Amino acid sequence: MKVDLLGLKRQGKTLVATYAFTVTSPAGVEKAEWLYDYLGGHGWDPSLVDSRNLKLHNVVKAGGQLVASDYQGSEFSPGQTFYAYAVFGAPPEDVTTMDVIASHGLPAFIAVPIS
C-alpha cells in the first residue's frame, strides 16, 4: 500500500491531517476491502509528534468518537485511492513542523510543515 500525506493544516486549536491510501496488488486481484483489512486487520491509528516539545498528539475525541475517517467505512479496491482525515489538538503557535505517523507500524513523515 502506498500512503501519502496530503497536508497538515492548522485550524484554530486543531490540526487536520489528510491522507491518501492507495492499494497496489498483483493483476487480477480486485476485491474491495476496508482500510482495516489492508492494514492487516488493525485499526487505523494516526498520531502526530511535536519533536520540539516532545509531545505525542492523538486523534481528538468528541462524544466518545474519534474525529477521523472511519477505517471500516468505505471499501476500496486495489488501484483506487481512499482519502482520509484525522483531527488533532494543535501544538503551540511557535511549532511549525510535526512528525506524522499515518498508522502504527508505518514509517513516519518527518518534519512536515504546518500550513
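Leaving aside neighbours within four places in sequence, serine 69 is in contact (heavy atoms within 4.5 Å) with Trp44, Phe82, Tyr83, Ala84 and Tyr85. The model is a predicted one, in which local features need pLDDT of at least 70 and side-chain atom pairs count only at pLDDT 80 or more, whereas totals for chains, interfaces and linings use all residues. Residues are numbered from 1 along each chain as its sequence is written, and side-chain values use heavy atoms, with hydrogens and water left out. Serine 69 is found in the loop between strand 6 (65-66) and strand 7 (81-89), strands being DSSP runs of E of at least two residues and helices runs of H or I of at least four, numbered from the N terminus. With a relative accessibility of 14%, serine 69 counts as buried (under 20% relative accessible area, with exposed over 50% and partly exposed in between, for a 1.4 Å probe and protein chains only). A polar atom of its side chain lies 2.9 Å from the backbone nitrogen of tyrosine 85.

Trp44 also belongs to one aromatic cluster together with Tyr19, Phe21, Tyr38, Phe76 and Phe82, and the structure holds six aromatic pairs (ring centres within 6.5 Å, the six-membered ring being used for Trp; planes under 30 degrees apart count as stacked, over 60 as edge-to-face and the rest as tilted). Phenylalanine 21 and tryptophan 44 form an edge-to-face pair, at 5.9 Å centre to centre and 90° between the planes. Since phenylalanine 21 lies in strand 2 and tryptophan 44 in the loop between helix 1 (35-38) and strand 3 (47-50), the pair ties together parts that are 23 residues apart in sequence. Phenylalanine 21 and tryptophan 44 are both buried. The rings of phenylalanine 76 and phenylalanine 82, with centres 5.2 Å apart and planes at 15°, are stacked, and these two residues are likewise buried.

Beyond residues up to four places away in sequence, leucine 8 touches several others, including Met98, Val100, Val112 and Pro113.

Four strands form an open antiparallel sheet in the order 4-3-8-9, where pairing requires that DSSP finds at least two bridges between two strands. Strand 4 (55-58) and strand 9 (109-113) stand at the edges, each with a single partner strand, so one side of each is left without a neighbour in the sheet. Strand 8 (residues 97-101) is joined to strand 9 by three bridges, and threonine 97 stands opposite proline 113 in strand 9.

Methods: A polar contact is a pair of N or O atoms within 3.5 Å; within protein, one must be able to donate a hydrogen and the other to accept it, and residues adjacent in sequence count only if both atoms are side-chain atoms.
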